[in-house]
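Good morning, and thank you for joining this meeting. Please look at the sequence and the structure together while I go through the chain.

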Amino acid sequence: MNVKIVSYKSVEYYQALALRDLVLRAPLGLIFSTQDLQSEEECIHFVVELDDVIIATAQMVDLANSSFKMRQVAVHPNFQGLGYGNEMVAFIENWAASNAVERIILHARETACDFYLRRDYSILREKFIEVGIPHYFMEKRISS
């Protein structure tokens, strides 16, 4: 297993995009728009690679003021519950600490909320609906 940062429009980026479509978009009947994909040039793209296959991915978006938003977190269904998502988020948090990020925020799907609570994220607001499903606004303070 290898957790790493990949470049926008790299081979690994497109593999991660296909994974995000499989896990996050297609089940909701959503597709990526050209505008969605163009905005990803500004993101930092993280992946978990196992035997040359991308099995997990996430993005970080700089919000300024030492805050980043984690988004588009996805683990391939065959690898969910095996610790790969946890390894990836730990890698991201270590990257954040090394880069003077003070806070990570995210919109967690209700089904993923317990995962983030176990990693010491806090719920900041009541449940809300995004892309037709329940989410929670969460954050974690990062110390360097």
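The chain contains four helices and eight strands; helices (H or I, at least four residues) and strands (E, at least two) are DSSP runs, numbered from the N terminus. Read from the N terminus, the order of elements is β-α-α-β-β-β-α-β-α-β-β-β. Please note that this is a predicted model, in which local features need pLDDT of at least 70, side-chain atom pairs count only at pLDDT 80 or more, and totals for chains, interfaces and linings use all residues. Residues are numbered from 1 along each chain as its sequence is written, and side-chain values use heavy atoms, with hydrogens and water left out.

Let me turn to overall dimensions. The C-alpha trace spans about 35 × 35 × 30 Å along its principal axes.

How much of the chain is buried? Of its 144 residues, 40% count as buried, where buried means under 20% relative accessible area, exposed over 50%, and partly exposed in between (1.4 Å probe, protein chains only). Among contacts (heavy atoms within 4.5 Å) with a separation of 6 or more, 59% join residues 24 or more positions apart.

We now come to the interior. In soluble globular proteins, nonpolar side chains tend to be buried together. A nonpolar core here is a set of buried Ala, Val, Leu, Ile, Met, Phe, Trp, Tyr and Cys residues joined through side-chain atoms within 4.5 Å. The largest such core has 27 residues, and Met60, Met70, Ile92, Ile104, Tyr121 and Met138 touch the most other members. Elements giving two or more residues to this core include strand E3 (53–64), helix H3 (84–98) and strand E8 (133–141). H3 contributes the most, with six residues. Apart from this core lies another, of eight residues, including Val6, Ala16, Leu19 and Val47.

Leaving out residues up to four places away in sequence, Met60 touches Cys43, Ile44, Phe46, Phe68, Lys69, Met70, Ile92, Trp95 and Ile104.

Finally, consider Arg119, in the loop between H4 and strand E6 (122–123). Is Arg119 buried or exposed? Arg119 is buried, with a relative accessible area of 16%. With residues up to four places away in sequence not counted, Arg119 touches Asn86, Val89, Ala90, Glu93 and Lys140.
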